[in-house]
Each structure stands twice: as C-alpha cells, then as structure tokens.
Amino acid sequence: MNRLHGLYAITDNILMPDDQTLLSQVHAAILGGARVIQYRDKTSDTEKRYRQACLLNELCRKHQRTFLINDDVQLAQQCDAHGVHIGQKDSPLEEARQALGSSAIIGVTCHDQLSLATKAALACADYVAFGAFYPSKTKPDAKPAPLSLLTEAKSILSCPIVAIGGITVDNAPQTITAGADMIAVVHSLFAAESITQQAEAFALAFNWNE
Ligand SMILES: Cc1ncc(COP(=O)(O)OP(=O)(O)O)c(N)n1
Ligand SMILES: Cc1ncsc1CCOP(=O)(O)O
Ligand SMILES: [Mg+2]
C-alpha cells in the first residue's frame with residue numbers, strides 16, 4: 001500500500017476534546033479508509049499531548065496507518081510516531097531530519113508557494129503540502145492557494161503532494177484531478193454525522209482518479 005496517498009485525517013482538540021472521543025473518532029476515520037493521521041493540538045498542555053499522541057500511535061500502528069505529529073519534533077520522538085509535519089515557522093527540516101532519522105516521514109507546509117516546495121523537496125521532504133484551497137473553518141486566516149498550483153507542482157516535483165484547507169467530499173474530486181496525492185481534512189471529516197461514511201466518501205474520490 002502506498003503510505004502517502006489518499007485521505008489524510010487531521011485531529012482537532014475542539015471537535016475531539018477528550019481521549020475517548022479522540023480515539024473513537026480517529027478509529028472511525030481509519031475504518032472508513034483514512035491512510036494518514038496527524039495529531040494536531042496547538043493549545044493543550046504537554047502531559048495531555050504526550051498521552052494522546054501515545055494512544056494514537058498505538059491505534060495507528062495496530063491498523064498499519066501512518067501517524068504524524070504536527071509541529072513538535074520532540075513529541076514525535078517521544079511517542080515513536082512515524083514522523084512530523086512542519087510549517088515554515090516550525091523546526092527547520094534539516095533539524096527535524098537530524099532528530100528523527102532517515103526513515104522518518106517529514107512533511108512541509110508550502111502555503112501557495114512552489115519555491116518553498118522545490119526547496120523542501122531538495123532537502124528530502126517526504127511530501128509537500130499546499131493550501132488553503134477553499135475557505136477553512138479550522139484555520140480561517142489561511143492564505144488562499146489556486147488549484148492550478150497543484151497541477152504545476154505535479155509537473156515538476158516527484159514527491160507526494162498534499163492539498164489542505166476547506167476540502168469537502170464535493171470539492172475533493174476536482175482537487176485530486178488538479179494533482180493532489182493526498183487530501184488533508186479536519187472539519188468536514190470530524191464534524192460529520194458518520195465519520196466512517198464520510199471517510200469512505202473521501203476515499204472513493206481517489207478511486208475515481210486511479
Ligand atoms: C498536511 C498539513 N498541511 C499543512 C499544515 C499546516 O501546517 P502549519 O503551516 O505549520 O500550520 P499549523 O497546522 O501548525 O497551524 C498541516 N498542519 N498539515
Ligand atoms: C492546518 C491548516 N493549514 C491550512 S488550512 C488548515 C486547516 C484545515 O482544516 P479544514 O479541513 O477544517 O479546513
Ligand atoms: Mg505548524
């Protein structure tokens with residue numbers, strides 16, 4: 001199975017405030033076909049983040065899913081995650097690689113800029129992420145990016161490409177057709193009435209394009 005392809009589910013500590021909700025919602029997304037899980041909690045204390053990261057790591061390993069930590073290289077190391085997602089204001093890629101090793105998966109935010117992606121790819125990022133392609137409920141201030149960026153990136157990069165920001169079941173097919181190898185989703189996945197059915201619907205969007 002290609003580990004870096006398909007639905008990329010990102011957790012949200014408002015939608016999933018406690019351990020039980022977090023675990024059951026991520027499990028539901030995995031059952032529906034989420035291939036990559038990112039633990040994203042920018043506000044909770046260290047103890048809660050460590051505990052939850054360890055719980056999710058165990059769940060993802062049990063289901064053979066890729067598990068990444070947002071922002072925090074040290075937490076990724078402590079909970080034995082597969083890797084980390086870093087933004088332009090987080091640890092530099094070289095430092096993250098040094099800390100996590102050559103087999104770790106490291107993804108890099110490139111916003112709406114191809115030049116950031118070529119730089120990250122040259123520095124051996126495992127994937128690059130662009131966005132926001134649509135208005136995002138989770139990050140309303142994210143700078144907009146055009147779908148044409150995905151097509152352009154696809155033609156010059158050989159690493160997998162993630163699209164993020166306001167992705168829904170309705171706009172996923174056009175986003176994938178434009179060049180996304182993975183679609184990263186928070187709100188329209190984890191706020192859905194049935195998370196498993198919603199994940200299945202996202203996964204289906206990839207089959208149409210394979
Ligand atoms: C898959 C993926 N893509 C982009 C981001 C955003 O990262 P960043 O720009 O560092 O912003 P925060 O998520 O840290 O607020 C992401 N987390 N995941
Ligand atoms: C972390 C992040 N970076 C750009 S948009 C975004 C949030 C994505 O969440 P949603 O799928 O709810 O728009
Ligand atoms: Mg970040």
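A residue counts as near a molecule or strand if its C-beta atom, placed from the backbone, lies within 6 Å of it. The views below come from a predicted model, in which local features need pLDDT of at least 70, side-chain atom pairs count only at pLDDT 80 or more, and totals for chains, interfaces and linings use all residues. Residues are numbered from 1 along each chain as its sequence is written, while chains are lettered from A and ligands numbered from 1 in the order in which they are written.

View 1. Ligand 1 has 15 residues around it, and Gly-87, Thr-109, Ala-129, Ile-164 and Ala-184 come nearest. Strands S1 (6-10), S5 (105-109) and S7 (161-164) are the elements that give two or more residues to this shell. Helices (H or I, at least four residues) and strands (E, at least two) are DSSP runs, numbered from the N terminus. Sorted by class, the shell holds six nonpolar, six polar and three charged residues. Here Ala, Val, Leu, Ile, Met, Phe, Trp, Tyr, Cys and Pro count as nonpolar, Asp, Glu, Lys and Arg as charged, and the others, Gly among them, as polar.

View 2. Among the 14 residues around ligand 2, the nearest are Ser-136, Thr-138, Gly-165, Val-186 and His-187. This shell has six nonpolar, six polar and two charged residues.

**View 3. Strand S7 and its partners.** Look at both faces of S7: Ile-161 and Ala-163 on one side, and Val-162 and Ile-164 on the other, are all buried. A residue is buried if 20 or more other C-beta atoms lie within 10 Å of its own, exposed if 12 or fewer, and partly exposed in between, with C-beta atoms placed from the backbone. S7 pairs in the parallel sense with strand S6 (residues 127-131) over four bridges; two strands pair if DSSP finds at least two bridges between them. Across from Ala-163 in S7 stands Phe-130. From S6 the chain crosses through helix H6 (residues 148-156) to S7 in a right-handed β-α-β crossover, meaning that, with the strands pointing away from the viewer, the path from the first strand over the helix to the second runs clockwise. S7 is also joined by three bridges to strand S8 (residues 182-185), and the two run parallel. The bridge partner of Ala-163 in S8 is Ile-183.

**View 4. A cis peptide bond.** Gly-131 and Ala-132 are joined by a cis peptide bond with omega of about 15°. Ala-132 can be found in the loop between S6 and H6.

**View 5. Two aspartates with positive phi.** Asp-71 is not a glycine, yet its phi is positive, near 70°. You will find Asp-71 in the loop between strand S3 (66-70) and helix H3 (73-79). Asp-80, also not a glycine, has a positive phi of about 65°, and its place is the loop between H3 and strand S4 (83-86). Is Asp-80 buried or exposed? Asp-80 is exposed, because 12 other C-beta atoms lie within 10 Å.

**View 6. Leu-100 in helix H4.** Leu-100 belongs to helix H4 (residues 93-100). Leu-100 counts as partly exposed because it has 18 C-beta neighbours inside 10 Å. Leaving out residues up to four places away in sequence, Leu-100 touches Val-73, Ala-76, Gln-77, Gly-83, Val-84 and Ile-106; two residues are in contact if their C-beta atoms, placed from the backbone, lie within 7 Å.
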